[in-house]
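Trainee: I would like to learn how to read the features of a model like this one, step by step. Could you take me through it?

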Amino acid sequence: MSTILCGIRIAAVQAACLAAVVFQACVLAEEPQDRRGGLEAVLNLLGKAIARFDADKDGNLSAQERDTLVESLRDAMGEKAGARVADLLKKADADSDGTLTAAEWKAFEAAAAQKAGKTAAAKTTCMVPMSDGAKLATDVYLPEGEGPFPVLLARTPYGKGQGAAGAAPLLAAGIAGVVQDMRGRFDSEGENVPFIGCGWGKYKDGAETVAWIRKQPWCNGKVATWGTSAGGITQNLMAGAAPEGLVAQYIQVAAASMYHHASYVGGAFRKCQVEGWTKANEFGSSIMSTGSVRPYYDDAWRQMDSTTKFSVMNVPAVHLGGWFDTFSQGTIDAFVGRQHFGAEGSKGMQKLVMGPWDHGGWRNRTVGDLRFPGNGIPKAYSLERWIEHHLKGVDNGIMKEPAVTYYVMGDSSDSTAPGNQWRFADDWPVPSTPTEYFFAAGGGLSKDKPIDESIREYTFDPADPCPTIGGCNLTIPRGPRNQNPVESRKDVLVFTTPVLDEPVEVTGRVWAKIRIGSTAVDTDLSVRLCDVYPDGKSYLMAEGMLRLRCRESFEKPVLLTPGAFVDASVDCWSTSIVFNRGHRIRVTVASGNFPRFDVNPGTGKPWESGGEAVKQTNRIVCGGGGASRVVLPVVAQGGRK
């Protein structure tokens, strides 16, 4: 793989990540009341995007450069997001000549800010001191009246100015809003390292901020938190510090472990996500910044793993995630851990909402190549209802709602197909039967285990890795996309059931159990579970990755003995899908998924562009005593509605 190609891909990833942040700010700025702070965040981030996409660095955005920016955002966040930004850029181009000059952009910024300022909410900015002396920039929005008030806190790495967009509804409800720049971000002091001050370690910024809020005369002692993505991750870490006075959390699309859910999956480095996000947001170096730094789970990663602190967590929380979200399993793990192993106040007090969404995709009806009906966030589990109960003390019945609501996906082209509906449960996982579907040498996939052992073989070339097409991504196109281009490659093994006579519901965690031998000391197993429609298109519904040197432990690698076979379990995370009558279930096995993951060079060492790499001829056992298979959690039709 050429250095030029790598550079182009990395640049595209960074651009898409920045565009995604712009879109997040756009969403926050949409509220009809109190737009100034949100609009300022949008314009600031869009200005950065314009500079990033100004390829010739002439200070202007040509028509071609503008189209590239819009297309990157459209790929990353969908048609609606691209249209929003395209409209803003068109309005800013005052003479409509197709080129957005620096002067036109500055004039547009000034005019928009002046117009929005007429409805801006009053705020006070405080520099809140932490125990190490660093001061964190914090905006406070107070309702009218004497007070004191309950408080909703959000901590963000994207700029506290976004908070003004949602302040007015809070103030009208008699709730104070507090929005804080995380340590080292924007107007806050300290090291600019992702999440360094969010947990229970050297810095305890989240917990200390809650303590500061509770000491203010305008606070009645009750503090809840909310946030999306990074704003959810910081909540998970804060909960591990168990701050006094925290009464509830509303956590959307967030990792619970920065190693297992965000930076690595199955020991493989999430290259495009980590490098793209940290570089696009101009963070300082950290253990997250590159796959060659701390590639194994150690004490440093444990300090960023909230799943180790369930026993001290003591507040109720809503955990909202999506089947195609980049942190989907993290949302589920956080719910299960707190619900079953949390302290008093946490155990039995959690809610889980899992929809057919990618990262933040509940705003869009289409995800990837498919369109699922009725996929908005159920109103019974809304943020407004959650904080009304926990901050205002209103007995609105939300704690009596079932602990779990999840969307069962189905054939998106058939309105009469089973699935495509919300279901409710008292716990997770829901009852299911682990059902083995065995790989056959001829490419079949069946519950009947082949008696005779046979081998399927392919060769993985690090110079030509199998590409990523959709899936649980952050900075590149995501969701259930057609895998036909991948399935036609020589380095991909395809196993498919016959056409289904009856629907098959799969709800829960999916595992692949594979017996493999390799000519190299290390290789990867990339497994994809697909729903094959009658027209032959194969849509990705769940996927997993395992770096074979991490098959026994994520702490201490164990290399392969070339030629020897080993048994490997590949965690494909969780899903809920009814494979409809007339469809087929498909599993593919490969050793690459780039740029979602870094490339395995086959040497037992981290991948480096231009570094040593070897081809890996891998042999998969089908049938016999070591039969490779996928284990699907099959649910009887007619689940609780």
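Predicted model: local features only at pLDDT ≥ 70, side-chain atom pairs only at ≥ 80, totals over all residues.

Trainee: How many bridges join β18 to β23, and which residue of β23 is the bridge partner of F495?

Mentor: Strand β18 (residues 493-496) is joined to β23 by 4 bridges, and F495 has V587 as its bridge partner in β23. Strand β20 (residues 524-532) pairs with β23 over 7 bridges, again in the antiparallel sense, and within that pairing S526 stands opposite A590. Between β20 and β21 there are 9 bridges, also antiparallel, with L529 finding its bridge partner, A542, in β21.

Trainee: Why is β23 described as largely enclosed by the rest of the structure?

Mentor: The reasoning rests on burial, for which the cut-off is under 20% relative accessible area. In strand β23 (residues 584-590), 6 of the 7 residues are buried, and therefore the strand is largely enclosed by the rest of the structure.

Trainee: Turning to a helix, which residues of α13 are buried, and what covers them?

Mentor: An α-helix has 3.6 residues a turn, so residues three or four places apart point the same way. In helix α13 (residues 383-392), the buried residues are L383, R385, W386, I387, H390 and L391. Their cover includes the strands β3 (149-156), β5 (219-228), β6 (246-252), β9 (317-322) and β10 (350-355), together with the helix α6 (167-172). After α13 comes G393, which has a positive phi near 75°.

Trainee: Is P129 buried, exposed or partly exposed, and what does it touch?

Mentor: P129 lies in strand β1 (residues 124-129) and counts as partly exposed, at 47% relative accessibility. Leaving aside residues up to four places away in sequence, P129 touches A134 and K135. The C-alpha atoms of P129 and D205 are separated by 9.3 Å, although these residues are 76 apart along the chain.

Trainee: How should I read the aromatic pair of Y259 and Y264?

Mentor: A pair of aromatic rings is described by the distance of the centres and the angle of the planes. The count for this structure comes to 19 aromatic pairs. Y259 and Y264 form a stacked pair, 4.8 Å centre to centre with 20° between the planes, and both residues are buried. They also belong to one aromatic cluster with F269, Y297, W301 and F554.

Trainee: Over which rings do the charged ends of R183 and R185 sit?

Mentor: The charged end of R183 sits over the ring of Y203, 3.8 Å from its centre, while that of R185 sits over the ring of F283, 4.0 Å from its centre.

Trainee: Finally, how many disulfides does a search of the whole structure find?

Mentor: A disulfide is a covalent bond between the sulfur atoms of two cysteines. The search finds 0 disulfides in the whole structure. As for individual cysteines, C466 is buried at a relative accessible area of 1%, and C622 is buried with a relative accessible area of 1%.

Key: Residues numbered from 1 in each chain as written. Heavy atoms only, no water. Buried < 20%, exposed > 50% of the residue type's maximum accessible area, 1.4 Å probe, protein only. Helix = DSSP H or I, 4+ residues; strand = E, 2+ residues; numbered from the N terminus. Pairing = 2+ DSSP bridges. Contact = heavy atoms within 4.5 Å. Phe/Tyr/Trp six-rings, centres within 6.5 Å; stacked < 30°, edge-to-face > 60°. Lys NZ or Arg CZ within 6 Å of the ring centre and 35° of its normal. Disulfide = S-S within 2.5 Å.
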